[in-house]
Amino acid sequence: MKKGLVVVGILSFLLAGCSTTGSSAKETDPEVQEISVSLPAELTTLDTTQTTDKVTFTVIQHLFEGLYRFDEKSQPVPGLAEEAVISEDGKTYTFKLKEEAKWSDGQQVQAADFAYAWKKLVDPKTMGPNAYLLDNVVNSQDIREGKADIATIGLETPDEKTFVVHLEQPQPSFLSVVSIGWLAPQRQSYVEEKGTAYGKTSEDLLYTGPFILKDWQQTGAEWTLAKNPEYYDQAVVKLDKIKGSTIKEENTGIQLFESGELDLQKISGLYVQQYQNNDSLVTQKDIANYFLDFNKQANKPLANVHLRKAIALAIDKESLVNDVLNDGASVLNGLIPSGLYANPNTNEDFRTYSGDYNEYDSNKAQAEWSQAQSAIGDKIELTLLVTDDDHGQKIGEYLQNQLQDHLPGLTITINKQPRTNLNQSRADGQYELSISGWIAGSSDLDSYFNLYKKGSSYNYGGYVNEDYTALTENARTVDANDPDKVFEDYKSAESILLAEDAAQVPLYQSASNYMIRSTIKDIQFPAYGAYFYFRTASVEK
């Protein structure tokens, strides 16, 4: 989720006796617009400037709408604002708020509510983990780096209903960026009145989205979404109530689905195989990459490019996705997942345009390994950081076997940690190898390339290549209005990152799988950010 950093999710073993064909006999009552769903982890903070994980973000997208939102095709469309007026040079966006745009307490949403939330996101005193999203707003990057005062940010509120954004450079993806929950409004007087309690319970929030939240407190395992009577487009919202719960064990969720107590349950791994002929199974390709990351700072052998290339070439990804995951995931041989962004001039997807890097080749891997050994010794020991759930363990063991089999003399020790601990270990640089991933929050290519820029807060492994950083900055700035040049810049940067430096090992593009009651219609599955979206969903016969 950060647009955010995530780690590999849960994979549980088969539950004996589960049905494998057809739908559950018990169906949701179509006369009652209520459903029950589950998510695999607890919600964290609902302060939109601070949220990072996809589970919480799924709920946030239901509760907080911003200037724009994503439609059923994951395209940005007007939300609380009318259609934006964009200057000829692409650097100024003027948003007029809808008269019907209200908070859940009935008060009008004002331009100042957006200005406050965006400033809060980038101000070093209150900065959120995704502050870099606004780096192209005039002075925003200097502000978050402590080089400029927050008052100098390129935002204007000429009146209560007008919000003006000034960009440093044209940014074709900007409407996609403002469609995500991190840039939703916050009312300053309310936030300051709540103080540290803001965002920690359902009673300490105001909402602008199609639903409001009830019956939730931070780390609680249950929550309820109810229709927001103040939502400007409430006529499209059919569901009156969505009962949510945290279910970490998939076998428990499947039992509840089979008994009719749950209408949506996310599943993975072997369960996907078991239910592959079930009409209730729905599979959606994620816009997300999962990769093996190197920390060159923590381990001197990993500073050797031949060692990194040997590791990159020694992993059979086809076997990983087909034999280990077998859940709809696909091999990924690049930084950028497919489906993130297509060149508007050619309609060619960036992944197709840039091609494949470091595809599995055991002979080339051993040749690189020999060069590495001649420089750093015949025997090398590395620790691989993974999540402590079944999914993380399975992938970790697979990579361990692949690397030790193809690279004799290399020893891989698996270090299992809870998800929260793992993320902190990565942020603190306390790892050598780690399995991690990045989920798209918008269609912005730079959100992925930012992971390895010099000075990026997410560049945990200390990768530095001045040419890479310069190319990505050119794509983001001077070439931003020319899609062909943007693609050229980013392709060259990706080649440096992967072909020349082997700074990470792309593994796979994930898929999300759900068991969904057949009577529930029109669920949206956004390409960015959330798992699912119930704005237009309904219960039907």
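Guide: Helices (H or I, at least four residues) and strands (E, at least two) are DSSP runs, numbered from the N terminus. Gln33 sits in the loop between strand 1 (5–6) and strand 2 (34–39). This is a predicted model: local features need pLDDT of at least 70, side-chain atom pairs count only at pLDDT 80 or more, and totals for chains, interfaces and linings use all residues. Residues are numbered from 1 along each chain as its sequence is written, and side-chain values use heavy atoms, leaving out hydrogens and water.

Gln33 is buried, because its relative accessibility is 16% (buried is under 20% relative accessible area, exposed over 50%, partly exposed in between; 1.4 Å probe, protein chains only). Beyond four places in sequence, Gln33 is in contact (heavy atoms within 4.5 Å) with Lys238, Leu239, Asp240, Lys241, Ser538 and Val539.

Confidence comes next. The chain averages a pLDDT (the predictor's confidence in each residue, from 0 to 100) of 90, and 94% of the residues score at least 70. Residues 1–26 stay under 50, yet the model has 117 contacts for them beyond four places in sequence.

Beyond four places in sequence, the contacts of Phe163 include Phe95, Phe114 and Trp118.

Rings follow. The structure holds 27 aromatic pairs (Phe, Tyr and Trp rings, six-membered for Trp, with centres within 6.5 Å; planes under 30 degrees apart are stacked, over 60 edge-to-face, the rest tilted). Phe449 and Tyr490 are stacked, 4.4 Å centre to centre with 15° between the planes. This pair links distant parts of the chain: Phe449 is in helix 14 (residues 446–449), Tyr490 in helix 16 (residues 483–500), 41 residues apart. Phe449 is buried at 0%, and Tyr490 is buried at 3%. Phe532 and Phe534 have centres 5.1 Å apart and planes at 45°, so this pair is tilted. Phe532 is buried at 2%, and Phe534 is buried at 2%.

One aromatic cluster includes Tyr353, Phe449 and Tyr490. Lys491 lies over the face of Tyr353, 5.2 Å from the ring centre (NZ of Lys or CZ of Arg within 6 Å of the centre and within 35 degrees of the ring normal). Arg517 lies over the face of Phe257, at 4.1 Å from the ring centre.
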